[in-house]
Structures are given as C-alpha cells and as structure tokens.
2 protein chains.
Amino acid sequence: MAIELRPSQALRLLHELSLAQVRDDAPDLSPRQLAILLSVYLEAPPHTVRGLAARLGVTKPVITRALDTMGQLRLVSRRRDEADRRNVIIQRTVEGALYLERLGDLVVATARSLPR
Amino acid sequence: MAIELRPSQALRLLHELSLAQVRDDAPDLSPRQLAILLSVYLEAPPHTVRGLAARLGVTKPVITRALDTMGQLRLVSRRRDEADRRNVIIQRTVEGALYLERLGDLVVATARSLPR
DNA sequence: GGGGAACAATCCGCAGCCGTAACGATTGCG
DNA sequence: CGCAATCGTTACGGCTGCGGATTGTTCCCC
C-alpha cells in the first residue's frame with residue numbers, strides 16, 4: 001500500500017517537523033548531515049567516505065567534516081578498515097540509533113495528527 | 001483519515017527527501033529558514049518579525065537575517081505596516097508559492113514510491 | 001620492489017549564520 | 001507634551017561549514 005498524501009498535507013507535515021526541530025535544543029543537523037546519517041543507518045554497509053561522497057554528490061572533505069561533527073555528537077563512529085587500511089568504515093552507534101528512532105516516531109506522530 | 005505511516009517508512013521518506021535536497025542545485029534552506037517560510041505560507045497573516053520569532057522560539061535578528069536571505073531569493077517580501085509603522089509585514093511571493101508547491105509535490109511523489 | 005593510483009584527512013581563505021548588545025524610528029500613555 | 005516601551009535592524013565577535021588544493025598513508029600492479 002503506497003502512502004497516500006496530498007500536497008497540502010505534505011506541507012503541513014514539513015511545517016510541524018521543522019518547527020519541532022527548530023525548537024528542540026537538540027543540535028539541529030544540517031540537511032547534509034541528516035542525509036549522511038540516514039544513509040549510514042538505512043543503507044547496507046560498509047560505508048566509506050568515498051562512497052558517501054559519491055552518493056550525495058559532494059566532495060570528500062564535506063563528508064569528513066560532517067563525520068567530525070556527528071562523531072562528537074556520538075551519532076556515528078569511525079574505524080579503520082583492517083582489510084584495506086586506506087578505507088575508513090563509518091559505523092552506527094547506540095546514540096545514533098536512538099536519535100533516528102525518536103525522529104521516526106516524531107514523523108509518525110505528526111503524520112497521524114494531520115487533518116484529513 | 002489519518003495518515004498511516006510506520007517509523008521505518010518515515011525514515012525512508014526523510015532519507016529520500018534529504019538526498020533530493022542535497023543533490024539539488026536549489027539553494028537548500030536551513031531548517032530555520034524552512035520553518036519560517038512554511039509559517040508564512042501556511043498560517044494566517046499578518047506575519048511580523050516579532051511574531052515569527054516567538055513562534056519559532058528564536059531571537060528577532062535570526063528572523064531578520066533569514067528574511068534578508070529569502071528576500072534575495074524572492075521567496076518572501078517585506079512591507080511596512082502603514083497602520084503601525086514600527087511593524088514589518090512579511091508577504092508571500094509568486095516564487096515562494098511555486099517553491100513550496102514543488103516541495104509538496106516532491107514529498108507526495110516520494111511518499112507514494114515508498115515500499116509498503 | 002618501486003612508482004603510480006586510491007583514499008581520507010588537513011590546510012587555506014571565504015562566506016553565512018549565531019547570540020548579545022546596541023541603535024534609530026515610531027507609538028502611546030501618563 | 002515628553003518619555004518609556006515597542007519594533008525591526010544593524011554592529012560585533014565568534015563559530016561552523018564550504019570548495020579546492022595538498023599531504024600522508026596504504027595498496028596494487030608491473
């Protein structure tokens with residue numbers, strides 16, 4: 001069953017979500033950071049800087065910096081690939097999983113409260 | 001009918017949307033800017049700097065700067081309130097309406113393509 | 001084994017946004 | 001009237017992210 005949604009409902013949903021994100025003290029991730037985080041958690045591992053840069057269509061330093069920031073927030077972690085030590089494997093963390101879990105719940109709750 | 005959505009679908013939706021936004025050459029608005037834009041277009045006018053600041057829980061300069069940026073992008077415009085010349089009324093523009101229309105359509109299309 | 005390729009990180013200058021604190025204009029109340 | 005309050009903007013110092021170029025390490029292949 002596809003998700004049926006009208007444009008007006010879609011915009012209301014975005015509205016509520018953006019308001020919640022802005023008001024949260026939670027460190028609001030930039031669109032790029034969120035895209036990286038979701039790619040790491042939703043797509044099949046392994047994830048490398050190179051791969052993520054290609055996936056998002058941005059340069060590698062962008063990925064490195066975003067990982068620096070989100071690493072400090074404990075949302076992801078990095079590990080050397082021992083099989084090929086040039087690679088860095090981006091790993092999920094408990095905190096990152098919790099963050100996305102709460103985010104998903106927020107979306108669900110917001111969608112449910114939309115007027116029909 | 002409430003919108004039924006599972007958390008995993010919600011996250012997939014956010015994933016696709018953030019990827020689309022990052023890859024677009026379109027000037028990707030910050031969460032705050034998007035919240036302001038949606039408030040202006042979805043909530044009843046009139047909109048003032050003061051009111052938007054209170055609505056988002058941020059300081060007034062944040063609103064002023066966001067309006068500067070989005071004004072240059074022609075997404076919103078400003079006008080003095082002639083009844084009380086201390087106030088500034090934030091107005092919608094054709095470009096802003098088009099921007100949101102496209103955004104809404106993107107969300108709808110993405111939601112429709114989600115696996116069930 | 002040596003040289004080039006691949007990879008992530010770092011450096012650099014730059015632009016944008018932040019919060020706090022001021023400021024000028026306008027209003028309305030005492 | 002005049003003076004405090006309100007409103008939006010601007011100034012300031014700081015922080016973060018950006019693109020592009022470079023660096024150091026590791027691998028691969030001849």
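This is a predicted model: local features need pLDDT of at least 70, side-chain atom pairs count only at pLDDT 80 or more; totals for chains, interfaces and linings use all residues.

**A loop in chain B and its surroundings**

Guide: P46(B) is found in the loop between helix 2 and helix 3 of chain B. Chain A has a cis peptide bond between P45(A) and P46(A), with omega about 0 degrees, and P46(A) lies in the loop between helix 2 and helix 3 of chain A.

Let us return to chain B and consider H47(B), a residue of the loop between helix 2 and helix 3. Is H47(B) buried or exposed? Its relative accessibility is 6%, and because buried means under 20%, H47(B) counts as buried. The side chain of H47(B) has polar partners in the backbone. One of its polar atoms lies 3.2 Å from the backbone oxygen of V40(B), and the side chain reaches the backbone oxygen of E43(B) at 3.1 Å. Which residues does H47(B) touch, if neighbours within four places in sequence are left aside? They are S39(B), V40(B), L52(B), V88(B), I89(B), I90(B) and R92(B).

E43(B), whose backbone oxygen is reached by H47(B), takes part in a salt bridge as well: it pairs with R55(B), and the closest N and O atoms are 2.6 Å apart. This pair links distant parts of the chain, for R55(B) belongs to helix 3 (residues 49-56) of chain B, whereas E43(B) sits in the loop between helix 2 (31-42) and helix 3, and the two are 12 residues apart. R55(B), at 29% relative accessibility, counts as partly exposed. In general, side chains of opposite charge can pair when their charged atoms come close.

Other salt bridges may be set beside this one, and over all chains the structure holds eight. In chain B, R85(B) is paired with E82(B), the closest N and O atoms being 3.2 Å apart. Both partners count as exposed: R85(B) has 52% relative accessibility, and E82(B) has 55%. In chain A, R78(A) and D68(A) meet through their side chains at 2.4 Å, N to O. Here again distant parts of the chain are linked: R78(A) is in strand 1 (residues 76-80), D68(A) is in helix 4 (residues 60-72), and 10 residues separate them. R78(A) is partly exposed, with a relative accessible area of 39%, and D68(A) is partly exposed at 37%.

A further loop deserves a brief comment. R74(B) is placed in the loop between helix 4 (60-72) and strand 1 (76-80) of chain B. Its phi is near 65 degrees, a positive value in a residue other than glycine. R74(B) is exposed, with a relative accessible area of 55%.

Finally, we may turn to the partner chain. Chain A comprises five helices and two strands, which run α-α-α-α-β-β-α from the N terminus on. Of its 116 residues, 46% count as buried. How do chain A and chain B meet? Each side of the contact is described by a count: 40 residues come from chain A and 40 residues from chain B. The area buried between the two chains is about 3800 Å², and carbon and sulfur atoms give 70% of it. Across this interface there are zero salt bridges by the rule applied, while six residue pairs are in polar contact. The elements that give two or more residues to the side of chain A that touches chain B are helix 1 (7-23), helix 2 (31-42), helix 3 (49-56) and helix 5 (94-112). Helix 1 provides the largest share, 12 residues. By class, that side of chain A has 24 nonpolar, six polar and 10 charged residues.

Note on methods:
Residues are numbered from 1 along each chain as its sequence is written. Chains are lettered from A and ligands numbered from 1 in the order in which they are written. Side-chain values use heavy atoms; hydrogens and water are left out. Contact means heavy atoms within 4.5 Å. Buried area is the accessible area (1.4 Å probe) that two parts lose on being put together, summed over both. A salt bridge is a side-chain nitrogen of Lys or Arg within 4 Å of a carboxyl oxygen of Asp or Glu. A polar contact is a pair of N or O atoms within 3.5 Å; within protein, one must be able to donate a hydrogen and the other to accept it, and residues adjacent in sequence count only if both atoms are side-chain atoms. Helices (H or I, at least four residues) and strands (E, at least two) are DSSP runs, numbered from the N terminus. Ala, Val, Leu, Ile, Met, Phe, Trp, Tyr, Cys and Pro count as nonpolar, Asp, Glu, Lys and Arg as charged, and the others, Gly among them, as polar. Buried means under 20% relative accessible area, exposed over 50%, partly exposed in between (1.4 Å probe, protein chains only).
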